[in-house]
Amino acid sequence: MKFSMKPYRRYKESAKLWLYFFVRFTKHSNAFQKTEMGMLAGISTKFHIVEKGLAMPKVRYFFGAENILKLIDEMLEYDSLGFNKLNTQYVSAVIVLSRYKDLHLDRPLPDDGKIKGLFEKIDSFLVRNTALLTGNDGVGGGSKQVFLKEYTEQSRGDFAAICHARSTIRNFIDKEVDSEVVKRAVKLAQRCPSTCNRQTPRIYHIKDKQLIDKALTIHNGTRGFNENISCLLVVCGDLRATQGIKDLNQVYVDSGIFAMNLLYSLQYNGLGACILHWAVSTKVDKKLRKLLSIKDAHNVSCMIGVGYMPDEFNVAYSERLSVDDILTTR
Ligand SMILES: Cc1cc2nc3c(=O)[nH]c(=O)nc-3n(C[C@H](O)[C@H](O)[C@H](O)COP(=O)(O)O)c2cc1C
């Protein structure tokens, strides 16, 4: 048999690509150092939890004290490091804290030192940042009310209307999602582009409520709104369709593009959807695979909780960065 170095070269090249990514990741990721952008991402994560709480089907008063205390500490630290506070994320966070305070205006504080401390901290933080609350140049935050009739009309309007209407929905009614509608939405989503039209995305449609609940418990990111998620879609990418080792991340890109198209297709078909991250440990990944009998070659990218929406509900405001912050023209 003729000896060939080819497979060894592939292992070497593959390791080089992983290492290349690893070095860039550790150099730039917020996991390893404090930068302005990294801190803003941490602040966003925390105030978004508050926004979600404000938009829950049943708002729980005095929710998330621990998270808010950490959020304020991080915002103060950000300030003390001299980073720029005049950006949509920081301003939005201040607005969200003020909305949280407004929610409790007519409520007597419980006899709980931690909650009292929390509100004192919010008050002094807001006083310190009054200027950002008043002169915020149209930046928003908190939650906003949505009317189903309007939402449905806009979701079938022109593309700009669809984009502006779409929100992550975390408020569902107790109504089973029709499998035919899901199929229609998945079929429409298949119109998205994919690398060389390889069409690597594979979707697992979970209807069994017990399985859904178990999967959401494993995910652990839908507390407060998982009760009526009656359909769960798991978006995977088939690793067997990747070609060379340079396809390392392509399967995620294709799945991500598919997931976005699927969100719009669900919206077009009258369904509300909440995309759910799959940033988990190998142990958790294996747990989900076992529970849902996901094929080994199918790489989980994200999940989508789906359901029908009530006539009127709230969604998180989720302010966007200015286009000039993200668009570079050379
Ligand atoms: C990949 C991905 C993962 C997400 N994971 C979660 C999640 O686990 N739980 C959740 O409530 N929302 C999740 N979201 C929804 C985001 O919070 C939401 O898209 C963002 O705040 C913007 O709000 P909008 O979708 O209403 O415009 C996720 C979004 C993406 C794109």
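As a general background note, nonpolar side chains tend to be buried together in soluble globular proteins.

Before going on, please keep in mind that this is a predicted model, in which local features need pLDDT of at least 70, side-chain atom pairs count only at pLDDT 80 or more, and totals for chains, interfaces and linings use all residues. Residues are numbered from 1 along each chain as its sequence is written.

Ile304 touches Leu233, Val235, Ala259, Leu262, Leu263, Ala273, Cys274, Ile275 and Leu276, leaving aside residues up to four places away in sequence. Touching, or contact, means that the C-beta atoms of two residues, placed from the backbone, lie within 7 Å.

Stepping back, the protein has 13 helices and 6 strands. These are DSSP runs numbered from the N terminus, with helices (H or I) of at least four residues and strands (E) of at least two. The C-alpha atoms fill a box of roughly 80 × 45 × 45 Å along the principal axes, and buried residues make up 30% of the 330 residues. Among contacts between residues at least 6 apart in sequence, 83% join residues at least 24 apart.

In the contact between them, 4 residues of domain 1 meet 6 residues of domain 2. The domain 1 side of this contact has 3 nonpolar, no polar and 1 charged residues. For these classes, Ala, Val, Leu, Ile, Met, Phe, Trp, Tyr, Cys and Pro count as nonpolar, Asp, Glu, Lys and Arg as charged, and the others, Gly among them, as polar.

Two residues show contrasting surroundings. Thr88 lies in helix 4 and counts as buried because it has 20 C-beta neighbours inside 10 Å. Leaving aside residues up to four places away in sequence, Thr88 touches Val139, Glu319, Arg320, Leu321 and Ser322. Gly113, by comparison, lies in helix 5 (residues 113-128) and is exposed, with 8 other C-beta atoms within 10 Å. The C-alpha atoms of Gly113 and Phe147 are separated by 39 Å, although these residues are 34 apart along the chain.

Finally, we come to the ligand. Of the 14 residues around it, Ser167, Thr168, Gly221, His277 and Ser318 come nearest; a residue is near if its C-beta atom, placed from the backbone, lies within 6 Å. Helix 2 (36-54), strand 4 (272-277) and strand 6 (312-316) each give two or more residues to this shell, and strand 4 gives the most, with 4 residues. By class, the shell has 6 nonpolar, 6 polar and 2 charged residues.

Definitions and conventions. Buried ≥ 20, exposed ≤ 12 C-beta atoms within 10 Å, placed from the backbone.
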